[in-house]
Amino acid sequence: RADLVQTGKFNVIERGRIDQIMAEQKLQQTGCTTQECAIKLGRLLNVQLVVLGSCGKLVGRYILTVSLIDIETGKILFSDKESCYSDVDIEEMTAKLVQRLAAALE
């Protein structure tokens with residue numbers, strides 16, 4: 001989140017506010033992890049675009065994936081991934097991916 005905010009290109013909503021809206025709308029309690037849920041939440045928040053991401057570990061490699069989704073059309077406008085082998089490198093990996101995401105908006 002901090003990396004997204006620091007670009008100056010994203011308006012990031014606090015997690016507590018998102019959780020509140022999800023609870024009010026009785027969306028899944030485990031979080032909004034699917035594209036369909038992100039689109040529904042984006043419509044509730046009255047936003048144009050949503051960034052949806054996931055992070056995982058596969059055979060010793062950390063993998064971060066992000067997608068930029070147009071709420072009106074449901075179209076994925078940008079999708080990319082970055083990986084690293086050390087938890088020490090996760091912040092650098094995240095910063096690189098956010099910079100590419102921000103560049104895609106230009």
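Leucine 45 is found in helix 3, where helices (H or I, at least four residues) and strands (E, at least two) are DSSP runs numbered from the N terminus. The model is a predicted one, in which local features need pLDDT of at least 70 and side-chain atom pairs count only at pLDDT 80 or more, while totals for chains, interfaces and linings use all residues. Residues are numbered from 1 along each chain as its sequence is written, and side-chain values use heavy atoms, with hydrogens and water left out.

At 21% relative accessibility, leucine 45 counts as partly exposed, because buried means under 20% relative accessible area and exposed over 50%, with partly exposed in between (1.4 Å probe, protein chains only). When residues up to four places away in sequence are not counted, leucine 45 touches Ile13 and Ile21, a contact being defined by heavy atoms within 4.5 Å. Leucine 45 and isoleucine 18 are separated by 27 residues in sequence, and their C-alpha atoms lie 8.6 Å apart. Leucine 41, also found in helix 3, is buried, with a relative accessible area of 8%; its C-alpha atom lies 9.1 Å from that of glutamine 25, 16 residues away in sequence. The buried residues of helix 3 are Cys37, Ala38, Ile39, Leu41 and Gly42, and their cover includes helix 2, strand 1 and strand 2.

Helix 3 is followed by asparagine 46, which lies in the loop between helix 3 and strand 1. Although asparagine 46 is not a glycine, its phi is positive, at about 60°, and the residue counts as exposed at 70% relative accessibility. A positive phi, near 50°, also occurs at valine 59, a residue other than glycine. Valine 59 is found in the loop between strand 1 and strand 2 and is exposed, with a relative accessible area of 80%.

The secondary structure of the protein comes to four helices and three strands, which run α-α-α-β-β-β-α from the N terminus on. With 106 residues, a compact globule would have a radius of gyration near 13 Å, and the 14 Å of the protein agrees with this; the radius is taken over C-alpha atoms, and the globule rule is 2.2 Å times the number of residues to the power 0.38. The C-alpha trace spans about 40 × 30 × 25 Å along its principal axes. Of the 106 residues, 32% count as buried, and residues 24 or more positions apart account for 33% of the contacts with a separation of 6 or more.

The largest pocket holds about 1100 Å³ of space. On a 1 Å grid over the protein atoms alone, a pocket is an open set of points where a 1.4 Å probe fits, with protein on both sides within 12 Å along at least five of seven lines, and lining residues have an atom within 4 Å of a point; grid points are joined across faces, edges and corners, and the volume is the space filled by probe spheres set on the points. The largest pocket is lined by 32 residues, of which Leu4, Ile18, Val50, Val51 and Leu52 lie nearest its centre. Strand 1 supplies the largest share of this lining, six residues, and the elements that each supply at least two residues include helix 1 (2-6), helix 2 (15-24) and helix 3 (35-45).
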